[in-house]
Amino acid sequence: MAKAKTQFVCRHCGYRTPKWMGRCPGCQEWESLEEELTKPSSGAGAKRSLEPVRPTPLSDVAAEEVGRMATGLDELDRVLGGGLAPGAVTLLSGEPGVGKSTLLLQAAAGLATRGRRLLYVTGEESAAQVRLRAERLGLDLSVLWVAAETRVEAICEMMSDGDWDVAAVDSIQTTAASDVASPAGSPGQIREAAARLGSLAKSRGLPLWLVGHITKDGSIAGPKLLEHLVDTVLYFEGDRERSLRLLRAFKNRFGSVNEIGVFEMTGSGLGEVANPSALFLSERPEGSSGSVVTPVMEGQRPLLIEVQALVSASPLAMPRRQSLGVDSARVGLLAAVLEKKVRLKLFDRDIFVNVAGGARISEPAADLAIVAAMGSSWVDIPAPASTVFIGEVGLAGEVRSVARLEPRLNEAQKMGFTRAVIPHSESKKPSIKGLELLPVKSVAQLLRTHMGFK
Ligand code: TYD
Ligand code: MG
């Protein structure tokens, strides 16, 4: 047998080097290179067919009729772009405990009621644990198929043998190919397992789900490796304390990446939230002043958050300026702008600003929302309903344009908002159906036109 080769692979970007280095030259991440042993004769490369492929004009390529397979969970189907496409490999990622396995089991049950069989391969839990969960979810156990298996070869055999309509592997980090020497969960194993399972799924036209855990910093372990290997990347998000769960497409070869699916984790599984804005707003104090919603960008993704402000007469010689979830200096600056440019008396008021739900704002695009929240609390008039506020505020009180306005507006519309106060310079933006755009030039105009200031 030939000698095994050692390589080092970056866990973040997939950079390869024969030598270990403290810092990855590809993505500049420290200590991200992991050793990987490969037996030389193995791997996808060695098995490539030598039969040449002839280039053809695109017009001669047979158009595939992509028949979609609905799972019956509307929120999921919508994010997928209308259900599972044949041979599509979907990565379902999220933090441990967010509900990935639950979502898959419920999707399996939905498929079963449509006469489709899903092979659920579990490497995380035993078959008995899966049964317990299915019982808790009140699902029909006799139509659900489970296999506790972590070996890629065995999973491939199962996928080829049975008469399956869909396969799911939970999770890719527990799956290992026996001819790759590195342990399960290492970049080499993840890539190899995903590549083999994916190519088998493609060749059989079998839609395949891969579950992938994301690490604390929010990236899928071996993210770049996996993202390139799959057709669709879905993120399942939400925190443990709250029941709201959002499903977002990060990449989708078979649909748009703008759709989000909204679920609620209940005692009996994930419930679909047909009207997300209603749920979202239910956490907001009703008809109360000082509460304003703004879409912020979290990396590539827009997220709606609530900014709250409380402006009240201060008994102190040095009124308090406190903020949670947003930079205090920024709040101080915006308060100074209000004081100077709108003559809003704030010097004898305590100002508290809070970003609800433990979120954090780190971009100036939320300035206008902070100003609106403070203004609303000062006059003690609730901000206009179903309205989001987007814009950076300059020292002259001018409202400045923001980056990536469109995804923010899309998100607001999707979450049920009907109006958006935006920077005047952006008023030529193509309109979004169901969302009225209200451009403002200055903080003064914002307060007079929209916040009930005289
Ligand atoms: P799970 O699907 O195991 O998460 P993941 O596969 O992403 O790690 O779900 C984990 C959590 O969901 C668990 O902490 C308990 C909770 N849960 C409910 O609240 N209700 C339910 O009906 C189920 C099945 C789970
Ligand atoms: Mg799980």
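Select helix α1 (residues 74–80): Arg78 and Glu75 both lie within this helix, three residues apart, about one turn. Helices here are DSSP runs of H or I with at least four residues, and strands are runs of E with at least two, numbered from the N terminus. The model is predicted, with local features requiring pLDDT of at least 70 and side-chain atom pairs counted only at pLDDT 80 or more, while totals for chains, interfaces and linings use all residues. Residues are numbered from 1 along each chain as its sequence is written, and side-chain values use heavy atoms, with hydrogens and water left out.

Arg78 and Glu75 meet in a salt bridge, at 3.3 Å from N to O. The term denotes a side-chain nitrogen of Lys or Arg within 4 Å of a carboxyl oxygen of Asp or Glu. Side chains of opposite charge can pair when their charged atoms come close. Arg78 is partly exposed, with a relative accessible area of 35%, whereas Glu75 is buried at 7%. Buried means under 20% relative accessible area, exposed over 50%, and partly exposed in between, computed with a 1.4 Å probe on protein chains only.

Next, select helix α5, residues 187–204. Its 18 residues reach 26 Å from the first C-alpha to the last, close to the 26 Å expected at 1.5 Å a residue; the expected span is 1.5 Å times one less than the number of residues. The helix is mostly covered, since 13 of its 18 residues are buried.

Within α5, show Glu192 and Arg196, which are four residues apart, about one turn of the helix. Their side chains form a salt bridge of 2.8 Å, N to O. Glu192 is buried, with a relative accessible area of 12%, and Arg196 also counts as buried, at 16%.

Move along α5 to Lys202 and display Asp231 with it. The closest N and O atoms of this salt bridge are 2.7 Å apart. The pair links distant parts of the chain, 29 residues apart, with Lys202 in helix α5 and Asp231 in the loop between α6 (223–229) and β9 (232–237). Lys202 counts as partly exposed at 43% relative accessibility, while Asp231 is buried at 3%.

To extend the tour, display the salt bridges of the whole structure, of which a search finds 17.

How values were computed:
Chains are lettered from A and ligands numbered from 1 in the order in which they are written.
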